[in-house]
Amino acid sequence: MSGDQEQAGGPGGAVDRLDNRPTGGTVPGHVVRAGRVDLTLRTSDPAAPSALPLTVTPPLGLRDPGRPLRGREETLERLEAELAAEPGTGGRLLALCGMGGCGKTAVALEIAARRSAAGCRVWWVEARNGPALEAALRAVARQAGATREELERGDTADLLWSRLARLDTPWLLVVDNADDPALLDGPGALSAGTGWIRPATGPGAVLVTTRDSSRATWGRVARLHLLRPLTGGRLDAAARILRDHAPESAGTPAEAHELAARLGGLPLALRLAGAYLDQVNRTPPPVPAPATPTTCTGYLRAWEDGLDRLDPGHALARTWAMSVALLEQRGHGHARALLELLAALADADLPYTHLLTPDRLTEAGPLAALDGPAIWRHLTALAALGLVELLDPVPGSPAVLRMHPLVRDASRTPGTVAVATGIVTATALADEFEDGTDPEVTAARRSLAPHILDAFERADLAALDGPSFLELMTAVNVAGRQLLTDGLHARARAEFETVLALATERLGPDHRIVRITRRNLDGVLRMFEGH
């Protein structure tokens, strides 16, 4: 094999890493070494069923049965009534719509718990990003009876709904965080009833949570249920939410009522304010700064300082800023920088044990001073005030954290995008991701893929120097190969085509990464020809 004949490992080959160590020679079918760049190509089977850890089980452990959903009783009754009613000619698809922080996920969790207790089979799917959504829906199709061979035909959306229609016992599919409903279109159109998500027939039902309440988005296939902040006649319920999380010493019911009104009755803001007051009151008296608010009234005054009018978005940003300031007072001096870095990454589960390590943060400004234990202390401190959520690890998969989209939006700064891109690409090309046969490595690479693709989408490619551009193009090949492993062939094809065009224009048609990308794309095209 000549130096120009890099192998893509056939349709299942994978570009795993780029390494700037001196190398030489080739290993047919697996490794290509050219100059100082080592491109490792692995073979994997995109149809392989389940070396990939994946769950579509409702996260009922996030519910707190001891704290009822204040102010949502009528909504729950309406949803339960519709889910229990006959589906009618159009099927059953319910969209629970509202601004971020209204508690849509909490309502959906309560519905899932009640339906499960009634003997209904419930699936829970996250819709924060396309690859994760498609992979989860493939898992639902498998659990509904689809075979591996059927899933490889390329008509997965039709297959999913065909299999669900055959079920003769009650079931519920919850699609959470569908804030970009375009992801639900899949091969067709959501509003036309031909997308990834469709009205359910027979004993089944679908419940989607989303910020988008536009009828143009949902067409006539979905019944929309609006979830609004707890204002007006429901402000008492909002004050109860605040008091559920804050200590009694934080103030009287009337003071909680006043703060709840100024926070716009937004459940997320109420929970964060209550958690803040709880944490402050648990701190020994000498530690907090003298001006640190410890009561609802003090919190309200600090929040209103210098501001006459705030909409809910500003209220949340102010709440989070106060929480970060509290963490800094407690000695977590890098909390703000870490939060801004996390906000610069994708709206997807973040494999923090791979991304947030001392060697990854060497170019991350002040965060470079943190060692492993300090990083963990900062993460757990952010989690204690509800700024991030550290999820319990699932066997065979990496530990991940989540950040609410509104926290992310409020915390994003332009200066962190380039740093985040460098961390993501360095992680994708690290030695720890070299073994393409290890299920845990595959799971970690799978968690990393949406962050690579998000960094690629938002990167200022013209500002990248040569090595950084090459590393990013190689990382996207890694993500593309993972898309193939997950059976997301169309998405992989689109990514390879984009990389090929960009890399050819900047590097020329004979550059090694151009050849690698072309062979990866050829492998995808052969899959399409096979169908």
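Author: The model is predicted, and local features need pLDDT of at least 70, side-chain atom pairs count only at pLDDT 80 or more, and totals for chains, interfaces and linings use all residues. Residues are numbered from 1 along each chain as its sequence is written, and side-chain values use heavy atoms, with hydrogens and water left out.

Reader: How many helices and strands are there in the protein chain?
Author: Helices (H or I, at least four residues) and strands (E, at least two) are DSSP runs, numbered from the N terminus. Counted in this way, the protein chain has 20 helices and 11 strands.

Reader: What share of the contacts in the protein chain with a separation of 6 or more comes from residues 24 or more positions apart?
Author: A contact means heavy atoms within 4.5 Å. Among contacts with a separation of 6 or more, the part that joins residues 24 or more positions apart is 72%.

Reader: Which helices do the buried residues of H8 pack against?
Author: Buried means under 20% relative accessible area, exposed over 50%, and partly exposed in between (1.4 Å probe, protein chains only). In H8 the buried residues are Ala256, Leu259 and Ala260. Seen down the axis of H8, they fall within an arc of 100° (that of the directions from the axis to the C-beta atoms), so they line one face of the helix. The helices that they pack against are H7, H9 (267-282) and H10 (296-304).

Reader: Which residues of H10 are buried, and what arc do they cover around the axis?
Author: The buried residues in H10 are Cys296, Tyr299, Leu300 and Trp303. They lie on the same side of H10, because the arc that they cover around the axis is only 100°.

Reader: Is Asn177, a residue with positive phi, buried or exposed?
Author: Most residues other than glycine have a negative phi. Asn177 has phi near 60°, a positive value in a residue other than glycine, and its place is in the loop between strand E7 (171-176) and strand E8 (204-210). With a relative accessibility of 13%, Asn177 counts as buried.

Reader: Which residues are in contact with Val419, leaving aside its neighbours within four places in sequence?
Author: Val419 lies in helix H16, residues 417-428, and is partly exposed, with a relative accessible area of 27%. With neighbours within four places set aside, the residues in contact with Val419 are Leu341, Glu363 and Ala364.

Reader: How far apart in space are Ala132 and Arg446, C-alpha to C-alpha?
Author: Ala132 belongs to helix H3, residues 130-143, and counts as partly exposed at 35% relative accessibility. Ala132 and Arg446 are 314 residues apart in sequence, and their C-alpha to C-alpha separation in space is 8.8 Å.
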